[in-house]
Amino acid sequence: MALVHFDSHTDTWDSYFGAKRFSAGTPFRRAVEEGWIDPAHSIQIGMRGSLFRPDDVSQSEALGYTVVTTERMFELGWPALARQIAARVDRMPCYLTFDLDFVDPASAPGVQTPEAGGPTARDALALLRALSGLSIIRADVVETNPLFDGPGQVIALLAATVAAEILAMLAADRV
Ligand SMILES: [Mn+2]
């Protein structure tokens, strides 16, 4: 599968704060090692801010992923970025994963590891709607933590809206 990964973190560490090889910080290294993901057709979008180590981005690139930082994402704009994503996937079956900390904490307060300076909820939904030509076969929406949410269940609303957009993309691909 190709991986299209929206997140402010690469989640490609070998281990995460110690010995754990299987944790929230390691799945996209393990998935390459185990042959689930073809990194040559995969792209990670939104990395930024308080990265944990100097090689947080380069370790993903060393695995073969394309990494689009938040800074680069805003330079490109949504139509160009959507074209880059489609070109990278190149019609392969695609796993789309959306970590809600991709979005700025002002729009997505209820996450475990917020990173300032991300896209608004509106930006993120516009980017999803700009995507086309992806054959999504699996998808998930992760990093919803109501314990850290602001008033009004903001993160639940955003998570449900992102999930609905992805379901609409799945449905549109089948028409
Ligand atoms: Mn994350």
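The chain holds 6 helices and 5 strands, taken as DSSP runs numbered from the N terminus (helices H or I, at least four residues; strands E, at least two). Their order from the N terminus is β-α-β-α-β-α-α-β-α-β-α. The radius of gyration is 15 Å, close to the 16 Å of the globule rule for 175 residues, so the chain is as compact as a globular protein of that length. This radius is taken over C-alpha atoms, and the rule is 2.2 Å times the number of residues to the power 0.38. The C-alpha trace spans about 45 × 40 × 30 Å along its principal axes.

The model is predicted; local features need pLDDT of at least 70, side-chain atom pairs count only at pLDDT 80 or more, and totals for chains, interfaces and linings use all residues. Residues are numbered from 1 along each chain as its sequence is written.

The 5 strands form an open sheet with parallel pairing, in the order β3-β2-β1-β4-β5. Pairing requires at least two DSSP bridges between two strands. β3 (66–69) and β5 (135–142) are the edge strands, each with a single partner, so one side of each lacks a neighbour in the sheet. Strand β2 (residues 43–47) pairs with β3 in the parallel sense over 4 bridges. Gln-44 has Val-67 in β3 as its bridge partner.

Helix α4 (residues 78–89) lies across β1 (2–6), β2, β3 and β4 (93–99), at about 155 degrees to β1. Helix α6 (residues 154–173) packs on the sheet, touching β4 and β5, and makes about 175 degrees with β5. Angles run from 0 to 180 degrees between N-to-C directions, with axes fitted to C-alpha atoms, for helices over the stretch in contact. Contact means C-beta atoms, placed from the backbone, within 7 Å.

Conventions:
Two residues are in contact if their C-beta atoms, placed from the backbone, lie within 7 Å.
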